[in-house]
Every structure is written in structure tokens, then in C-alpha cells.
Amino acid sequence: NFKYDHVTQSKRQAGSTFKPFLYILAMQEGYNPCDEVPNISQTFMVNDTVYIPKSNSRKEDLGKMKTLKWGLATSENNISAWLIKQFKPQPIADIAHKMGITSYIDPVPSMIYGTSDMSVAEMVSSYATFANKGVHTQPVFITRIEDKNGNILAEVLPDRMESINEKTAYLMLNLLQGVTDFGTAVRLRYRYNFTAQIAAKTGTTQNHSDGWFMGVTPDLVAGCWVGAEDRSVHFDRMDMGQGATMALPIYALFMKRVYADKSLGITQSDVFKAPPDMTPIPNCKEYAEQNETDGYYWENEW
């Protein structure tokens, strides 16, 4: 009905799918996914206004030391706010641009909510940098042009640049696997029965108007946005309006078809490969603890 490209032209608030960019600088500065930080509220002074991001933790988790992996897996705003205080908004915006985000990013504390508008193409392009060992590859839609006899008239080679180092990219993949293993995307495990290594992130925006899901496997990166033409159209409740409910199932059904198509050569046994000189990353304690429960968290970003 609407001849409008929602992949490259349309831009919407990215919600928590923006949060991995907050964690990149921490990984570059020597942190690892199992390092613990305080799960306490953070206060910002913005001009003459006091700004305190809202936590989405369960009461028993508040005030405790929690791992960075847990923070991203549960989309906890206290942890994101702590990272903003350590590394400041502008460097975070800069690294996101290096990884493929071309839209303007407002460098303010509220960026933890993914308040800036971005396209699906930008998000998939940037997340692919994690799977490409830190190298950003600019997506192309036409690889070559041939005449009717098969003679190549033109070839298009994508622009590539190293955005983050290989170690940082692998650490980020480890962080994002926690989202699938015990965080907001755990439905991929218990409802869709995926056993594959999947690094992922869910996202939800204000009034539940937009639902996002980003999924990274060793050989394929895919992203999904769900929303209406008019942002005033939205769900009333978080249980229906979060990215894990709106967008995750579309990704899951897509990946089921991918894994079923043997001609693609993509299997659930594919694994992310660590840099050769990298020390193995241990399982963080929350992984073991959370697998003793239902492993489900609300993605209450707003």
C-alpha cells in the first residue's frame, strides 16, 4: 500500500538496540564481560535539570554489583547510565558512526534509551562489524553489471575500514550472546529451540511504538523493525509492545527457514572464532544463576 522503503529511507528511534555501542569503549579500555559494576541509579545534571534514568531491575538485583554481560543481557538502564558517566556521550556517538551509523546521534545522557532515529540498514550494517572481526563493510545492493553476453561492464566493491579491533569485536559478541542465553531474547532458546550461537539485542521505544531485534550469527546478520506508518499507533502494554514480542518472532521464523535451507551452508553448529592470542572468556556467574530460573526479563526501557 505504501511505496516507501522502510529499510533505507525510514528512520526510527533505535531503543535498546543502540546500547551495545555504550559497551564498546569499555571493552576497548580493558574491561571484560564478567567485570562487575554497581547496579545503582545514576544522576545527571543537564543544564538546570536533574535527570535520573529509570531502572528496570527486579528489587533483588538493585544495589548489587552486576556484570557488564548481565547489564546488556537484561537491558538494565543503571548499567548503561554508569557507562555513559565513564566514557561520555560524544565518544560513544563517534564509535557508532565508525561502525556504520550515518544518522545524527545526539550526544546526551538519554542516548542510553536509543533516542536518535536510525534506519534498519544502518543498524544491520553496524552490527555486522561485530561478526566481521571489527571491520565495517559498507553494504552494496549491486555487485556487478553484465551485458546480455555475460561481459562484465562494471563491478562494485564495498568500502571497508577497521572500526574496532578484533578482540573488542569478539568481546562484544560474547556480551551479546548473553542476551540470547539468559536475557531479553531468551525466547529464542525456550520457545524456538535454537541451539546456535546467536549474539542479539532487543529494542523498544517510547509508548511501545517501535519494536526492534538484531541477530548476529557467525555467517549472517539480520535485523527487524516493527512499527506503523504513524508513530501514534502503538501497543498499550510492555508485554505486547516490547521488541522481544514484536520483532524477535519474525527473526526466529526467518532463521528457521535459513537453517532449513541446506544450500546456504549456514548451520546451528557454526561458532564465533576468537582471535588466536586471546584468553578464553569464562562464563559469568549470572549465566549459571539465571539458568536456574525462567531467564526472562522485561525490556522496560522507558
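This is a predicted model: local features need pLDDT of at least 70, side-chain atom pairs count only at pLDDT 80 or more; totals for chains, interfaces and linings use all residues.
Local features rest on pLDDT of at least 70 and side-chain atom pairs on pLDDT 80 or more, while totals for chains, interfaces and linings use all residues. Residues are numbered from 1 along each chain as its sequence is written, and side-chain values use heavy atoms, without hydrogens or water.

We can start with the helices (DSSP runs of H or I, at least four residues, numbered from the N terminus). The axes of α5 (residues 120-131) and α6 (residues 166-182) come within 7 Å and cross at roughly 110°; the axes are lines fitted to C-alpha atoms over the stretch in contact, with angles from 0 to 180 degrees between N-to-C directions. This makes α5 roughly perpendicular to α6 (65 to 115 degrees). In contact terms (heavy atoms within 4.5 Å), Tyr127, Thr129, Phe130 and Ala131 of α5 meet Ala169, Met172, Leu173 and Leu176 of α6.

The structure holds 7 aromatic pairs (ring centres within 6.5 Å for Phe, Tyr and the six-membered ring of Trp; edge-to-face means planes over 60 degrees apart). One of them, Tyr31 with Trp82, is edge-to-face, at 6.1 Å centre to centre and 80° between the planes. Tyr31 sits in the loop between α1 (20-28) and β2 (36-38), and Trp82 in helix α3, 51 residues apart. Tyr127 and Phe130 are also edge-to-face, with centres 5.8 Å apart and planes at 80°.

Finally, Asn78 lies in helix α3 (residues 77-87) and is buried at 2% relative accessible area (buried is under 20%, with a 1.4 Å probe and protein chains only).

Notes: Helices (H or I, at least four residues) and strands (E, at least two) are DSSP runs, numbered from the N terminus. Angles under 35 degrees count as roughly parallel, over 145 as roughly antiparallel, 65 to 115 as roughly perpendicular and the rest as oblique. Buried means under 20% relative accessible area, exposed over 50%, partly exposed in between (1.4 Å probe, protein chains only). Rings of Phe, Tyr and Trp (its six-membered ring) pair if their centres lie within 6.5 Å; planes under 30 degrees apart count as stacked, over 60 as edge-to-face and the rest as tilted.
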